[in-house]
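Please look over the protein shown below.

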Amino acid sequence: MDKNRAATVFLGILALVALGAVFKAAKGVVLPLVVAWLLSYLFSPLVRFLERKRIPPALSIAAIIVTFLGVCFQSVAFMYDKIMLFANAFPRYYSRLMGLVNAAGENFGIPPGFWQNFDLGPKIASYLLGLPASAATLLMNLFLVMIFLVFILLGAPYLEYKLRYALSPDAAKKVQKAIDSVSHQIGRYLSTLFFISLSTGICVWLALALLRVDFAVTWGVLAFVLNFIPTLGSIAASIPPVLVALVKSYPSLGHPLVVAAALLVIQVTIGNIITPKLMGDRLNLSPVGVLVFLLFWGWLWGIPGALLAVPIAATTRIICENVDSLAFIGVMMGSGKNFKKNLTVAS
């Protein structure tokens with residue numbers, strides 16, 4: 001029996017490795033499919049609602065796709081314009097920053113050549129100059145996402161009827177109930193995560209604009225995008241505006257410290273107070289689990305994979321919680337805070 005279990009574990013590991021290799025090789029197709037799958041949880045309830053209002057699914061799906069594409073195009077154009085403004089000014093700011101670093105190093109007896117080993121300026125400049133090609137690739141992938149999404153949404157309304165024909169009435173009702181519960185929880189999680197990230201970006205933009213930090217809108221967009229990566233994303237989004245404030249106000253350190261404090265207050269308030277109240281304890285993920293998902297999906301698909309890691313982890317946990325044979329995986333993926341509370345109250 002123990003040998004069978006060990007063999008099952010090793011086969012499972014090999015299957016995961018093989019699946020990861022396939023996902024990495026087929027990134028151009030699988031990544032848009034995963035994005036479309038996640039988006040379907042947001043739009044399926046709207047399609048069902050419009051169907052109850054006697055609007056044909058094909059018409060409602062077409063309206064949703066056209067509206068979503070319009071919003072995406074406007075958002076990409078807006079973000080691209082703001083980021084390119086910073087890209088054009090980056091060499092000037094970076095030159096000034098390296099001058100400050102060298103001056104500070106001389107005070108501690110560090111030779112100027114020491115910092116050349118950590119000179120990331122050319123790499124960052126190269127990445128910023130490559131943004132036009134990245135934006136074009138993003139728009140091409142967006143069309144592929146929409147194609148997948150259309151087919152997923154067209155097939156969703158008929159799943160209930162297929163289950164009735166394929167299974168017994170009791171089994172069909174049980175499976176449909178589980179699917180509805182999973183869809184509702186995932187849709188609620190994704191929509192809440194989006195609005196939390198949007199609120200974070202708006203708060204960062206307004207705070208930096210009030211503090212007269214250059215490119216405040218750009219940093220707000222960056223905070224919105226990186227908020228999908230827990231903790232690390234917030235830290236990464238806070239560093240550039242603080243450095244810009246430092247370059248602009250040096251030798252005075254008051255302004256960059258105020259900027260850092262404002263960003264810290266925003267991140268702590270939204271991340272530790274507002275988010276737990278909106279998400280609830282059930283959707284808290286284990287820090288170790290989040291780290292594993294970030295490393296795996298980041299290695300698999302780079303930055304897009306890192307941005308999708310937490311939504312995929314939360315979706316996986318919700319699905320496991322609603323499948324009896326996989327419930328233990330859902331428990332292990334959770335933070336355990338609610339279990340601690342329950343056991344403390346019971347004892």
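Which residues form a nonpolar patch on the surface? The patch consists of Phe194, Phe195, Leu198, Ile202, Trp205 and Leu206, and together these residues have about 540 Å² of accessible area. One of them, Phe195, is found in helix 7, which covers residues 169-210. Phe195 has a relative accessibility of 52%; the cut-off for exposed is over 50%, so Phe195 counts as exposed.

The coordinates come from a predicted model. The secondary structure of the protein comes to 14 helices and zero strands, and the pattern along the sequence is accordingly a run of α elements, α-α-α-α-α-α-α-α-α-α-α-α-α-α. Of contacts between residues at least 6 apart in sequence, 72% join residues at least 24 apart.

Burial and surface can be taken together. The protein has 347 residues, and 34% of them count as buried. Its accessible surface is about 20800 Å², and carbon and sulfur atoms account for 73% of that area.

The backbone has some points to check in the loops. Most residues other than glycine have a negative phi. Arg54, although not a glycine, has a positive phi of about 65°. Arg54 sits in the loop that runs between helix 2 (27-52) and helix 3 (57-107). Is Arg54 buried or exposed? With a relative accessible area of 79%, Arg54 is exposed.

Phe215 is also not a glycine, and its phi is positive at about 60°. Where does Phe215 lie? The loop between helix 7 and helix 8 (216-226) holds Phe215.

Note on methods: Residues numbered from 1 in each chain as written. Predicted model: local features only at pLDDT ≥ 70, side-chain atom pairs only at ≥ 80, totals over all residues. Heavy atoms only, no water. Helix = DSSP H or I, 4+ residues; strand = E, 2+ residues; numbered from the N terminus. Buried < 20%, exposed > 50% of the residue type's maximum accessible area, 1.4 Å probe, protein only. Contact = heavy atoms within 4.5 Å. Areas by Shrake-Rupley, 256 points an atom, 1.4 Å probe, with all protein chains shown as cover. Patch = residues over 30% accessible without salt bridge, like charges linked within 9 Å, V, L, I, M, F, W, Y side chains within 5 Å. Salt bridge = Lys/Arg side-chain N within 4 Å of Asp/Glu carboxyl O.
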